[in-house]
Amino acid sequence: YGNDYLVFGAGGLRAVESPGGFARRVCDRHFGAGGDGVAVVERVDGEAADFRVRIFNPDGSEAAMSGNGTRCAAAALFYEGAWSRDELRLATRSGVKVYRLLSADRAAGAYRFASEIGEPRFESASVPIGTDEALGRVVDYPLEVADGETVRVTALEMCNPNCCLFVEDFERVDWRRLGRLIESHPRFPERTNVEFVRVVSPERIEVRIWERGVGETLSSGTGSSAAAVAACLTGRTGRRVSVETPGGLLEVEWRERDGEVVLTGEAHVVYRGELIG
């Protein structure tokens, strides 16, 4: 999907001064390995989860969760032989996520998973977004992004803060400028991911993504999930949609019976190696 994550075992990073500082260095595409983020995995002993995964952005900040990044971590665990059962439970900052292996081709380094990544939350305090009064749902909310410029947004918490804008044509919207402005908007105290959503049909949407701590990105699992939920919430689509990003196609289902979001997609192992220094 064009999201490249570097996966490290926690034991190998014991000596670094801070995971955030390490992520800034190693994600630099000129002086490091290069990546959209770092996933740090560690085996845990307990009934709730099998491994813990921490996700760090290229700017050094820690994300609560990354749908694509955590899937990359799951693929790495299978590829390295650290896990072999079809169900894998990963503890993240936004809770335990269940990954079910649908197909595997180790020779090609290709793995496909269906993952339960959690239930969306809609209250303004949960996103979080600062609104003039507490809202149960932040739908079609007028957000002033510059002097005299206001856009309508739908905001929700889908593992991370997300802000969705519906557009008719990506070419007619300066979405990169808006994404940069909204990411660090004062109304979002923890910053936010920004998704620009074009509805193709009730079963398909197209998305452009400006990710918190990353910037423009070719794909995002949690961002695609948030866009799908927002489209359904506003009556534009059903609960099961294909999400087309510049990096590829993800499948999202917002289950009616329990409110869980199920994200289905692939992860490909590109290389493995040893970092010197």
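Where does Glu 133 lie? I found Glu 133 in the loop between S7 and S8. I use H and S labels for helices (H or I, at least four residues) and strands (E, at least two), which are DSSP runs numbered from the N terminus.

**Ground rules**

I am working with a predicted model, in which local features need pLDDT of at least 70, side-chain atom pairs count only at pLDDT 80 or more, and totals for chains, interfaces and linings use all residues. Residues are numbered from 1 along each chain as its sequence is written, and side-chain values use heavy atoms, with hydrogens and water left out.

I looked up the accessibility of Glu 133 and noted a relative accessible area of 58%, which makes it exposed. My cut-offs are under 20% relative accessible area for buried, over 50% for exposed and in between for partly exposed (1.4 Å probe, protein chains only). I also took the separation of the C-alpha atoms of Glu 133 and Asn 68, which is 34 Å. These two residues are 65 residues apart along the chain.

I then went to Pro 128, which is in the loop between strand S7 (110–118) and strand S8 (138–146). The peptide bond leading from Val 127 to Pro 128 is cis, and I noted its omega as near -10°.

**Entry: positive phi**

I checked Asp 140, which sits in strand S8. Asp 140 is not a glycine, yet its phi is positive, at about 55°. Its relative accessible area is 42%, so I list Asp 140 as partly exposed.

I noted a positive phi, near 60°, for Arg 191, a residue other than glycine. Arg 191 is placed in the loop between helix H3 (175–183) and strand S11 (193–201). Arg 191 counts as partly exposed because its relative accessibility is 25%.

**Entry: cysteines**

How many disulfides does the structure hold? I counted zero disulfides, taking a disulfide as a pair of cysteine sulfur atoms within 2.5 Å. Cys 163 is in no disulfide, and the nearest cysteine sulfur, that of Cys 164, is 6.8 Å away. From the side of Cys 164, the closest cysteine sulfur is in Cys 163, and 6.8 Å is too far for a bond.

Are these two cysteines buried or exposed? Cys 163 has 0% relative accessibility and therefore counts as buried. Cys 164 is also buried, at 0% relative accessibility.

**Entry: helix H1**

I listed the buried residues of helix H1 (residues 19–27): Gly 20, Gly 21, Phe 22, Ala 23, Val 26 and Cys 27. I then asked what covers them, with contact meaning heavy atoms within 4.5 Å. The cover includes strand S1 (5–9), strand S2 (37–43) and strand S3 (51–56).

**Entry: pockets**

I searched on a 1 Å grid over the protein atoms alone, where a pocket is an open set of points with protein on both sides within 12 Å along at least five of seven lines, and a cavity is a set where a 1.4 Å probe fits but cannot get out. Lining residues have an atom within 4 Å of a point. Grid points are joined across faces, edges and corners, and a volume is the space filled by probe spheres set on the points.

The largest pocket holds about 1000 Å³ of space. I counted 33 residues lining it, and Tyr 5, Leu 6, Val 7, Ala 76 and Tyr 271 are the closest to its centre. S1, helix H2 (67–79) and strand S16 (261–268) are the elements that give two or more residues to this lining. H2 has the largest share, eight residues.

I sorted linings by class: Ala, Val, Leu, Ile, Met, Phe, Trp, Tyr, Cys and Pro are nonpolar, Asp, Glu, Lys and Arg charged, and the others, Gly among them, polar. The lining of the largest pocket has 20 nonpolar, seven polar and six charged residues.

The second largest pocket has a volume of about 200 Å³. Its lining has 14 residues, with Ala 64, Cys 159, Pro 161, Glu 190 and Arg 212 nearest the centre. Strand S4 (62–63) and strand S10 (160–166) each supply at least two residues. By class I noted six nonpolar, two polar and six charged residues in the lining of the second largest pocket.

**Entry: strand pairing around S14**

I took two strands as paired if DSSP finds at least two bridges between them. Strand S12 (residues 204–211) and strand S14 (residues 240–245) run parallel and are joined by three bridges. Arg 204 has Ser 242 in S14 as its bridge partner.

S14 and strand S15 (residues 248–254) run antiparallel, with six bridges joining them. I found Val 243 opposite Leu 250 in S15. A hairpin of two residues joins S14 to S15.
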